[in-house]
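Hi,

Here is the structure I promised to pass on.

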Amino acid sequence: MKEMKKTCLHDRHVALGAMMSPFGGFDMPIQYAGIVEEHNAVRRRCGVFDVSHMGEVRITGRDAEKFVNHIFTNDIAGAPQGKIFYGMMLNAHGGVVDDLLVYKYSDTEYFLVINASNIDKDVAWIKSNTDGFDVEVEDESDVYSELAVQGPEAERIMREVLGLEVGHLGFYTFEEFAKYDGDPAVIVSRTGYTGEDGFEIYASDDVIESCWDALIDAGVQPCGLGCRDTLRFEAGLPLYGDELSEDVTPLEASLSMFVKLDKDGFIGRDALMALKSAGVPRKTVGLEVEGQAIPRHGYEVLDEAGNKVGTVTTGYHSITLGRNLAMALVDSSCAALGTRLNVRVRRKIFPATVVKKRFYTPNYKK
């Protein structure tokens, strides 16, 4: 059995009384004060997450831009330095190997942020597709630790508590800072996974530990993966393993805006073109469920005649909105807004209506 990994902040989480649980091969904090309190802190003020379990890969070389565009669904060609892109890497059948962020340093250097549970798989897959490209692939997952500082007060806290002047950073841009003694330099991006304004900090273990201590001492709420999931869900953001997998295409996941089918061929493009031509059979939708039942991952979605037409991918009683909501992968014939469906919760059937899957309007700084 593979030994569970620990982030550099593990002992601090335990000292704060965090509930710990395995996630992506790491022993990670699920909650401290409680999921509701942490969720509300991010929506109303600010919270800090240890996300050091995420993976980082650096692509360098003469063909770096061409190579990243070959393995990535979004189009990075001609983008300015400091820009960040969200998208996916696909298998030949159009299924999602992983979803990720791509940071552009230059035409010859890119920084990829990948999911913790997929690090080994992703790195092997990326390296397996380098034939014919003049590039170097470096797994830097053990070089960087990472914090996410999220919420409407995040910019002020970054400045006043950490001394990082980040007000000029636009949404989905990044910059390196030399404020701290760390090797490599501190990377700060205006990104996150909560639907709120916020920043992600990539740095050495020592720097991340110092930042965490300063934030906690200043009264910033430590947050676990429990509310990270409830926050991203309300904002309609996908989670790999729930909304995305190698058996689900980005077109079925309703993420076509991050797939540029008109750019030069990328891995999986032909399969997506064929799928689009034939008609996408399934779509990811939002559901509002009536009654007291809370829909959960794996629950069946039925049409009004009682036929199974899909499956819940994520479901919660929304902390912010106070409604029972779900994202579900359903037959395209049932995906139109306003369609009446049902969700089977254990042995009972509860009515549901198809709604927009972005339940909460994000408060990003554009």
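Two things about the ground rules. This is a predicted model, so local features need pLDDT of at least 70 and side-chain atom pairs count only at pLDDT 80 or more, while totals for chains, interfaces and linings use all residues. Residues are numbered from 1 along each chain as its sequence is written, and side-chain values use heavy atoms, with hydrogens and water left out.

**The open sheet**

Five strands make up an open sheet, running β5-β6-β7-β4-β8 with antiparallel pairing. Because β5 (84–90) and β8 (136–139) each have a single partner strand, they stand at the edges and one side of each has no neighbour in the sheet. From one strand to the next the twist averages 30°; axes here are lines fitted to C-alpha atoms, for helices over the stretch in contact, and angles run from 0 to 180 degrees between N-to-C directions. Strands (E, at least two residues) and helices (H or I, at least four) are DSSP runs, numbered from the N terminus, and two strands pair if DSSP finds at least two bridges between them.

Inside this sheet, β4 (residues 55–60) pairs with β7 (residues 109–114) in the antiparallel sense, over six bridges.

**Arg58**

The Arg58 side chain makes polar contacts with the side chains of Glu109 (2.8 Å) and Glu140 (3.0 Å). A polar contact is a pair of N or O atoms within 3.5 Å; within protein, one must be able to donate a hydrogen and the other to accept it, and residues adjacent in sequence count only if both atoms are side-chain atoms. Leaving aside neighbours within four places in sequence, Arg58 is in contact (heavy atoms within 4.5 Å) with residues including Tyr105, Tyr144 and Ile187.

**Around β15, β18 and β19**

β15 pairs with β18 (residues 340–345) in the antiparallel sense over two bridges, and Leu302 has Asn342 as its bridge partner in β18. Asn342 also stands opposite Pro351 in β19. β18 and β19 (residues 348–355) are antiparallel too, over six bridges. In their hairpin, with two residues between the strands, Arg346 takes a positive phi near 55°.

Asn307 sits in the loop between β15 (300–302) and β16 (308–317). Asn307 is partly exposed, at 43% relative accessible area, and touches Val301 and Leu302, not counting residues up to four places away in sequence.

**Rings**

How many aromatic pairs does a search of the whole structure find? There are 13, where rings of Phe, Tyr and Trp (its six-membered ring) pair if their centres lie within 6.5 Å; planes under 30 degrees apart count as stacked, over 60 as edge-to-face and the rest as tilted. One of them is Tyr103 with Tyr202, edge-to-face at 5.7 Å centre to centre and 85° between the planes. Tyr103 is in β6 (residues 96–106) and Tyr202 in β12 (residues 198–203), 99 residues apart. Both Tyr103 and Tyr202 are buried. Ring pairs link Tyr103, Tyr105, Phe111, Tyr144, Phe174 and Tyr202 into a cluster.

Best wishes

Technical notes. Buried < 20%, exposed > 50% of the residue type's maximum accessible area, 1.4 Å probe, protein only.
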